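Trainee: Could you go through this model with me? I have a few questions about how its parts meet.

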Amino acid sequence: MSRVLHFQADRIEMLLANHKVNARVTGGTVTPRLVRFHLATALGVKVRQVANLHEEIALSNLASSHHALGDLTTARTYFQESLSLCQTMASRQGESLAAANLGLVLHDLGEYEAAQASSQLALTIDREIGDKV
């Protein structure tokens, strides 16, 4: 259990870093129903920055879970929602990740042209922001 929690904490820190939010997981609380991670943000980080990522994280995790379980149609829906949210938030890195993941799901669904377009979008975004990361 401890290894899983450390892995999840590392994923949270990585996601925050991808969105240029300087924060670390400093601990957490485990209950029978949920795990609550405690974050320590750097000086100057606005709580709003972290709060805006909440829905994106939830959509991405749901999509990944459904993809892993073989529920590709639901995974596609959640990755599309995640992509739309990232576009609304102007999160280029999040948009690239969502587009790449959507491309994988579309490929698995046999929707090869749509998968290619989604993967091309991810590549284009990565090239645009490549020297800014």
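Trainee: Which residue forms a salt bridge with Arg76, and how far apart are the closest N and O atoms?

Mentor: Arg76 pairs with Glu111, and their closest N and O atoms are 2.5 Å apart, where a salt bridge means a side-chain nitrogen of Lys or Arg within 4 Å of a carboxyl oxygen of Asp or Glu. Arg76 lies in helix H3 and Glu111 in the loop between H4 and helix H5 (112-129), so the pair ties together parts 35 residues apart in sequence. This is a predicted model, in which local features need pLDDT of at least 70 and side-chain atom pairs count only at pLDDT 80 or more, while totals for chains, interfaces and linings use all residues. Residues are numbered from 1 along each chain as its sequence is written, and side-chain values use heavy atoms, with hydrogens and water left out.

Trainee: How many salt bridges are there in the whole structure?

Mentor: The search finds four.

Trainee: Next, at what angle do H3 and H4 pack?

Mentor: Helix H3 (residues 72-89) packs on helix H4 (residues 92-108) at about 160 degrees, with the axes 9 Å apart. That makes H3 roughly antiparallel to H4, a term for angles over 145 degrees.

Trainee: What kinds of residues make up the contact of H3 with H4?

Mentor: They divide into 10 nonpolar, five polar and three charged, with contact meaning heavy atoms within 4.5 Å.

Trainee: And the strands, how many bridges join S1 to S2?

Mentor: Seven bridges join strand S1 (residues 23-30) to strand S2 (residues 35-41), and the two run antiparallel. A hairpin of four residues links S1 to S2, and Ala23 stands opposite Thr41 in S2.

Methods
Axes are lines fitted to C-alpha atoms, for helices over the stretch in contact, and angles run from 0 to 180 degrees between N-to-C directions. Angles under 35 degrees count as roughly parallel, over 145 as roughly antiparallel, 65 to 115 as roughly perpendicular and the rest as oblique. Ala, Val, Leu, Ile, Met, Phe, Trp, Tyr, Cys and Pro count as nonpolar, Asp, Glu, Lys and Arg as charged, and the others, Gly among them, as polar. Two strands pair if DSSP finds at least two bridges between them.
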